[in-house]
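My notebook is open, and I am looking up a few things in this structure. Come along as I jot them down.

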Amino acid sequence: METTPWIWRNGAFVPWEQAQTHLLTSTLHYGAGVFEGVRCYLTNQGAAVFRLRDHMERLLYSAGVLKMEVRFTLDELCTAVLETLKENGMKAGYIRPLIYFSEQDMGFDPKRDKVDVVIACWPWAEYFPAEGVRVKLSSYRRIHPQSTVIDAKISGHYVNSILAIQELRGTDYDESLLLDHEGYVAEGAVENIFCVKDRVLLTPQKGSILPGITRNTILRLAHDLGYETREMKLLPEDLFSAQEAFFTGTLAEVVPIASVDAHVFPLAPGPVTQHLRRTYGELVAGRLSQYHSYLSFCH
Ligand SMILES: Cc1ncc(COP(=O)(O)O)c(C=O)c1O
């Protein structure tokens with residue numbers, strides 16, 4: 001991965017290579033950490049972070065789920081992200097805030113006030129090719145919502161995603177799609193999913209997914225563009241009978257799905273997907289004034 005010179009840690013900048021932690025740090029063993037993935041884009045008014053406050057609100061919500069006592073406020077964390085970008089001179093790329101239990105303690109009730117907050121950033125261009133991705137239905141199910149707090153972005157949840165992605169090794173697939181414990185479509189390993197049926201956008205309802213900030217943006221954007229949207233339970237067959245499908249996520253942005261297992265979407269990348277992808281690109285680049293409140297500028 002590309003690196004940048006500085007990482008923000010508990011209110012100060014440390015050089016990237018010195019941003020280290022002890023091997024017996026609690027979160028390293030048990031996965032009880034929380035994080036965010038945020039993007040910043042170069043707009044014609046300079047660098048801007050997309051939906052910064054929403055991401056940092058989710059970060060603090062996730063930290064609250066793990067009973068972490070974070071000593072920075074929402075405003076302070078938002079400012080810290082902007083300062084990290086400025087310090088590194090980064091105009092476009094990816095931002096990774098992380099909060100972890102920092103004690104060297106192997107007990108299972110880590111001290112709630114012993115948490116480190118770090119913010120790193122680095123360039124991370126398009127995650128998937130624009131033409132679309134070949135998707136495999138995973139043999140793993142999304143984590144049961146009663147086994148965790150599924151709408152929190154908890155580090156340990158990503159073992160489920162990593163296992164699903166590891167299944168793709170040695171195949172032609174680009175990404176995994178996981179069903180929930182009842183067999184309904186849940187989400188990609190690190191994306192939410194939409195399909196388009198007769199110009200209506202369908203997406204799995206909340207309950208077994210991480211309700212993504214990009215998903216939320218697309219629901220608003222689609223509505224504003226005149227598309228009907230429905231959040232509902234979807235079976236794999238519903239997906240297969242749709243004309244188009246696409247993933248959304250901070251990392252993947254809006255990416256067409258070319259196929260799921262042997263089912264090929266003949267239109268991919270379909271017209272509705274392309275319309276939304278293009279408009280999303282304009283939105284994050286600050287070219288649509290009605291969505292300017294989504295952008296935090298790095299002046
Ligand atoms: C499991 C999962 N679902 C959905 C998403 C999309 O969320 P967002 O749009 O907030 O990035 C992510 C993003 O990392 C994810 O990890």
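How many salt bridges does a search of the whole structure find? I get 13, counting a side-chain nitrogen of Lys or Arg within 4 Å of a carboxyl oxygen of Asp or Glu as a salt bridge.

Before going on, I note that this is a predicted model, where local features need pLDDT of at least 70, side-chain atom pairs count only at pLDDT 80 or more, and totals for chains, interfaces and linings use all residues. Residues are numbered from 1 along each chain as its sequence is written, and side-chain values use heavy atoms, with hydrogens and water left out.

I looked up Asp75 and Arg53, whose side chains meet in a salt bridge at 2.8 Å, N to O. Asp75 sits in helix α3 (residues 74-88) and Arg53 in helix α2, so this pair ties together parts 22 residues apart in sequence. Helices here are DSSP runs of H or I with at least four residues, strands are runs of E with at least two, and both are numbered from the N terminus.

**Entry: two domains**
I found domain 1 (6-122) and domain 2 (133-284) in the domain assignment, whose bounds come from an automatic or database assignment. Their centres, taken over C-alpha atoms, are 26 Å apart. I see 21 residues of domain 1 in contact (heavy atoms within 4.5 Å) with 20 residues of domain 2.

The two domains bury about 1800 Å² between them, 61% of it on carbon and sulfur atoms. Buried area is the accessible area (1.4 Å probe) that two parts lose on being put together, summed over both. Phe35, Phe50 and Arg58 supply 32% of the area that domain 1 buries against domain 2, more than any other three residues.

**Entry: polar links across the interface**
I count 1 salt bridge between domain 1 and domain 2. Polar contacts (N or O atom pairs within 3.5 Å; within protein, one able to donate a hydrogen and the other to accept it, with sequence neighbours counted only if both atoms are side-chain atoms) link 11 residue pairs across the interface, both residues at pLDDT 80 or more. On the side of domain 1 that touches domain 2, β3 (33-35), β4 (38-43), α2 (52-65) and β6 (93-101) each supply at least two residues. The largest share, 6 residues, comes from α2.

**Entry: the ligand**
I find 15 residues around the ligand (a heavy atom within 4 Å), the closest being Lys153, Tyr158, Glu187, Thr214 and Thr250. A side-chain N or O atom of Glu187 is 2.7 Å from a ligand nitrogen atom.
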